[in-house]
Amino acid sequence: VLFRSPMKGVPNCEKLRNFVKDLVETELADFSGTYSPFTAKYYAKILADQVKHEIKDTKNDDLHIDKRYKIITMASIGEKNDQDLRIKSGFMWDKERDRYFDVSILVKDQGSQSHSGSGIFIVIQVYLIYFD
């Protein structure tokens with residue numbers, strides 16, 4: 001079975017990572033950094049959807065997003081209190097065409113005086129799976 005290569009080449013993950021990081025930081029410009037479970041759940045879904053749609057709709061040819069790529073985004077938002085977190089995912093993978101990247105952002109709580117390390121963390125995972 002012969003597989004076709006993406007017409008625009010494989011996506012440039014470093015440029016995509018910067019694109020997504022700028023997008024998320026723009027969305028968080030007025031955010032105080034105070035954690036709330038309700039708003040975290042709400043914003044995680046909104047951020048995941050927005051990142052997916054912005055990647056799909058980008059007109060920037062440097063990002064190399066062929067229309068045959070399926071885009072999967074996951075967003076995690078949690079309270080940061082000097083803990084460690086690991087997120088793991090698994091897929092059947094085509095190492096020649098499929099791509100993955102993530103963006104991690106820490107937002108300090110600007111209203112908290114009690115703990116200098118408090119705030120929130122945001123992790124956006126993006127999977128670009130090629131379907132021929």
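## Burial and fold

Of the 132 residues in the chain, 35% are buried. The model is predicted. Its secondary structure consists of 2 helices and 3 strands, and these follow the pattern α-α-β-β-β along the sequence.

Strand E1 covers residues 69-81, strand E2 covers 99-108, and strand E3 covers residues 118-130.

## Aromatic pairs

The count of aromatic pairs is 3. One of them joins Tyr 69 and Tyr 130, with 5.1 Å centre to centre and 65° between the planes, an edge-to-face arrangement. Tyr 69 belongs to strand E1 and Tyr 130 to strand E3, so this contact ties together parts of the chain 61 residues apart in sequence. Both Tyr 69 and Tyr 130 are buried.

Another pair is formed by Tyr 100 and Tyr 127. Their ring centres are 4.8 Å apart and their planes meet at 40°, so the pair is classed as tilted: the angle falls between the 30 degrees below which planes count as stacked and the 60 above which they count as edge-to-face. Tyr 100 sits in strand E2 and Tyr 127 in strand E3, and the pair links these distant parts of the chain across 27 residues.

Tyr 127 has a relative accessible area of 5% and is buried, because buried means under 20%. Tyr 100, at 33% relative accessibility, is partly exposed.

## Nonpolar surface patch

Tyr 100 is also part of a nonpolar patch on the surface, together with Ile 72, Met 74, Phe 91 and Trp 93. The accessible area of these residues together is about 420 Å².

Trp 93 lies in the loop between E1 and strand E2. Its relative accessible area is 39%. Trp 93 therefore counts as partly exposed, since that class lies between the 20% limit for buried and the 50% limit for exposed.

Where Tyr 69 is buried, Lys 70 is partly exposed, with a relative accessible area of 43%. That value is over the 30% required of patch residues.

Methods: Residues numbered from 1 in each chain as written. Predicted model: local features only at pLDDT ≥ 70, side-chain atom pairs only at ≥ 80, totals over all residues. Heavy atoms only, no water. Helix = DSSP H or I, 4+ residues; strand = E, 2+ residues; numbered from the N terminus. Buried < 20%, exposed > 50% of the residue type's maximum accessible area, 1.4 Å probe, protein only. Patch = residues over 30% accessible without salt bridge, like charges linked within 9 Å, V, L, I, M, F, W, Y side chains within 5 Å. Areas by Shrake-Rupley, 256 points an atom, 1.4 Å probe, with all protein chains shown as cover. Salt bridge = Lys/Arg side-chain N within 4 Å of Asp/Glu carboxyl O. Phe/Tyr/Trp six-rings, centres within 6.5 Å; stacked < 30°, edge-to-face > 60°.
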